[in-house]
Structures are given as structure tokens and as C-alpha cells.
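Hi,

Here is the structure I promised to pass on. Have a look first, and my notes follow below.

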Amino acid sequence: MTVCEYKPGLEGIPAAQSSVSYVDGQQGILQYRGIRIEELAEKSTFLETSYLLIWGTLPTKEELEAFEHEIRYHRRIKYRIRDMMKCFPESGHPMDALQASAAALGLFYSRRDLDNPAYIRAAVVRLLAKIPTMVAAFQLMRKGNDPVQPRDDLGYSANFLYMLNEREPDPLAARIFDVCLTLHAEHTMNASTFSARVTASTLTDPYAVMASAVGTLGGPLHGGANEEVIAMLEEIGSVENVRPYLEDRLERKAKIMGFGHRVYKVKDPRATILQNLAEQLFEKFGRDKYYDIAVELERAVEEKLAHKGIYPNVDFYSGLVYSKMGIPTDLFTPIFAIARVAGWLAHWKEQLEENRIYRPTQVYTGLHEAAYIPIEER
Ligand SMILES: CC(=O)SCCNC(=O)CCNC(=O)[C@H](O)C(C)(C)COP(=O)(O)OP(=O)(O)OC[C@H]1O[C@@H](n2cnc3c(N)ncnc32)[C@H](O)[C@@H]1OP(=O)(O)O
Ligand SMILES: O=C([O-])CC(=O)C(=O)O
């Protein structure tokens, strides 16, 4: 076997063969199953896109209706899951609550019948259906309220916003939210998808796969950056303070959250769409000073860091959209997870179709044949 050069962060090393999505980081192109993200954002829905990602083709009308119906039917969560979540500390981060609850689903449904297409379908449906309900339930319970039941007459995104806010959402907000889910649904071999595939490769159950991916998504270098972006815009506070803030951070070699990407060396196409969605929301619900700060920051970062290929990524404008919808900052990453479940499931299925357990190697840098020193002599 040839020994490859060690690459920190496995940069540029293929970790799977996949037909789920494609990124051209030089040209800013993202495609799900070959279809451009711009087209899906405009014409599709999150559930239709999830079907495309997971089953590989766009559904017929009948297939989509059956899929939507199954998901609607499975939205409720068992009272024992709700009771378990009630015991979580209300000060806990909703991503931790989600990771624990996703793993807990495995207590109820795990049979690891991975060769059975009906088991795969049921797991796909349950996870897509129940994860939003769990996110909304934790939000209400940490405020001391009972969770509200899902509404069968509402679509996927409208129902989530209803469960979160206990009132029906504005139709434009519901549509924009649905587009946000589509934009976040999948992105090749990112850290959380890699984590999902590694976990899947051991043939454990899909609930454990999702729990491990949720845990990976939460970090500030990955999905957790969307929360950090809002904190950063608040800290900057005014358009005038953008450049001094940036100078100070660059001097301290600190990262600017929501910027930079391992693959994109131009502006992330999802950031462009999200910026446009933010503008639509501002037109209807009023402008936001944080948007002006964000635009000025993008301009200033471009002046300083474009030579390194550092531009806004998907996490930069998403928080502004969610904030305008009144969604609390610490729910941004769980919402990212609601969307990314579709991509994780697509990769879980693909991994099972041609599985080999992940077991890379390492470059050992430690000692050999070292002496054991008795404790009293250390
Ligand atoms: C959904 C997502 O996961 S999107 C990414 C969300 N994460 C963030 O927004 C956090 C901020 N960004 C980052 O930390 C990085 O750009 C990552 C994690 C996204 C990519 O990391 P890597 O590919 O490992 O790039 P790395 O961190 O090595 O940076 C390469 C160079 O660009 C610089 N750089 C990268 N991102 C930034 C940034 N956001 N601000 C300032 N400088 C940056 C680094 O300092 C480094 O410079 P150097 O070569 O002079 O030392
Ligand atoms: O691809 C990546 O490394 C991160 C990212 O943008 C995503 O997961 O959406």
C-alpha cells in the first residue's frame, strides 16, 4: 500500500465516492444531484429537495404527496421523549438538547434492520418528521410552556414556525424559511457529513448517525458560526466601527466569523441567495441596522482578504434572516441541523449501499519501547 502524505484536516483527500452533491469552489457552483442550488431555491420545496437528495431523483407528483403525507403523519414525538426533554436544563444549548433527543429516538426505533428498504424509509421519514418537533418542543419547554402539537394543515416549514411561535407564520416568512432549509440541506464532504458517514460505516442505527452529525455541526468552525456571526455584528454595533473592529481582529490573527471556506474561494452561492432573502424580508418587515453592518463588513473583508480567497460563507447572512423572523440566536444551528438531516440521510443511505468501515491510518509521532517508571520514582 502506498503511504500518502499527511494532510491536516484531510484537505483535498477524497473520503468517499458520492453522487449526492457537487461543489466547484473556484466558480461558486453548488448542485444537488446535478441541479443548481439557485434553481432548487427558486422552484423546489425543502421536502421535494430532500426526496431528491435521499432517493436520487425528483419525485413525481404522487411520490411527493405520499412522502409529504408520511412525514405529516410522523411529526408527533412520544410523550416519553417530551418528558425526557423536560428534564433537560433550560440553560442548556438547544444543539445539545437536539443531539441527546436524536440519540434517544434510537431507544424507541432501533432495530438495525439495515438491509430492509422499509426500515430505511421509516428511519428517513421519522427523522425528517420528528427533528423539527423536538427543536420546537425544547424551545417552548425551556420557556416553561407545554409544546404545541404539529398541525396537519400546515406545510413542513410553516408547521415548524407555528410550533416554535405558537402562531401561524406570515406566508412570505414561511416560504423564505423553506428556501433557507433547501440551501442548508447538503454540502458534499463537510465535517458533519463526514462524521455521519464514519458513524454509518460501523452499521450502527441511523439515530446514532444523526446524533453524531448534530454534535459535529455545532462547533463554531462549522454550523455554529451562524450564531457567532450575530454576536459579532452586535459587538461591532455600528457601520463606523466595522473597519476598526476588522483591523483589531486581523492584528490579533482572530477569525472573522461567517467568512472563509475550505472549498469556496469565491462568495458562497448560498450566501448570495440568503442575502437576497434577507433583503426581501427587510422590504416587508423593515430594515435592520445589522444588515448594513454586515454589508459593510463584507466589503471591508473583501478589501483585506480577497487575495486569500476569503468571502462570506453560508453562515454569514442566514442569522440575519432568522433574526428578522424573531428566532432566538441559539436556535440558528439547530435549524441548520433540521435542514442538514436530509443530506446526512442521503449520505447514510449511500454509505450503506457500498459500505466499508472507515479506518484510516495515522503518522505516529510518539516514543517506542519507552521505560515504565514506577510511580514513586516519577
Ligand atoms: C457551514 C460551514 O461550516 S461554513 C464555515 C463556517 N465557519 C466559519 O465561518 C468560521 C470562520 N472560518 C474559518 O474558521 C475557516 O475559514 C474555515 C474553518 C471555514 C475553513 O478553514 P480552513 O480551510 O482550515 O482554512 P484555515 O483556517 O487554515 O485558513 C486559511 C487561511 O485563511 C485565513 N482565514 C480563514 N478563514 C478566515 C476568517 N474567517 N477570518 C480571517 N482569516 C481567515 C486563515 O487565518 C489562514 O491564513 P494564513 O494562511 O495566513 O495563516
Ligand atoms: O462544506 C463545508 O465544509 C461547510 C459547509 O459549507 C456546509 O457544510 O454547508
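Which domains does the domain assignment of the chain give? There is domain 1 (17–220 + 340–353) and domain 2 (225–324), with bounds that come from an automatic or database domain assignment.

Before the rest, some housekeeping. This is a predicted model, where local features need pLDDT of at least 70, side-chain atom pairs count only at pLDDT 80 or more, and totals for chains, interfaces and linings use all residues. Residues are numbered from 1 along each chain as its sequence is written, while chains are lettered from A and ligands numbered from 1 in the order in which they are written.

Back to the domains: their C-alpha centres lie 26 Å apart. The contact (C-beta atoms, placed from the backbone, within 7 Å) takes 16 residues from domain 1 and 19 residues from domain 2. On the domain 1 side, strand S2 (29–32), helix H1 (37–43) and helix H8 (171–184) each supply at least two residues. Helices (H or I, at least four residues) and strands (E, at least two) are DSSP runs, numbered from the N terminus. H8 gives the most to that side, with 6 residues.

Then there's helix H6 (residues 117–142), which has 26 residues. H6 bends by about 30 degrees at Lys 130, the bend being the angle between axes fitted to the seven residues ending there and the seven starting there. Pro 132 follows within four residues. Just after H6, Gly 144 takes a positive phi of about 90 degrees.

Lastly, ligand 2 is surrounded by His 187, Asn 190, His 261, Arg 262, Val 263, Asn 313 and Val 314 (C-beta atom, placed from the backbone, within 6 Å of the ligand).

Cheers

Notes. Expected span 1.5 Å × (residues − 1). Contact = placed C-beta atoms within 7 Å.
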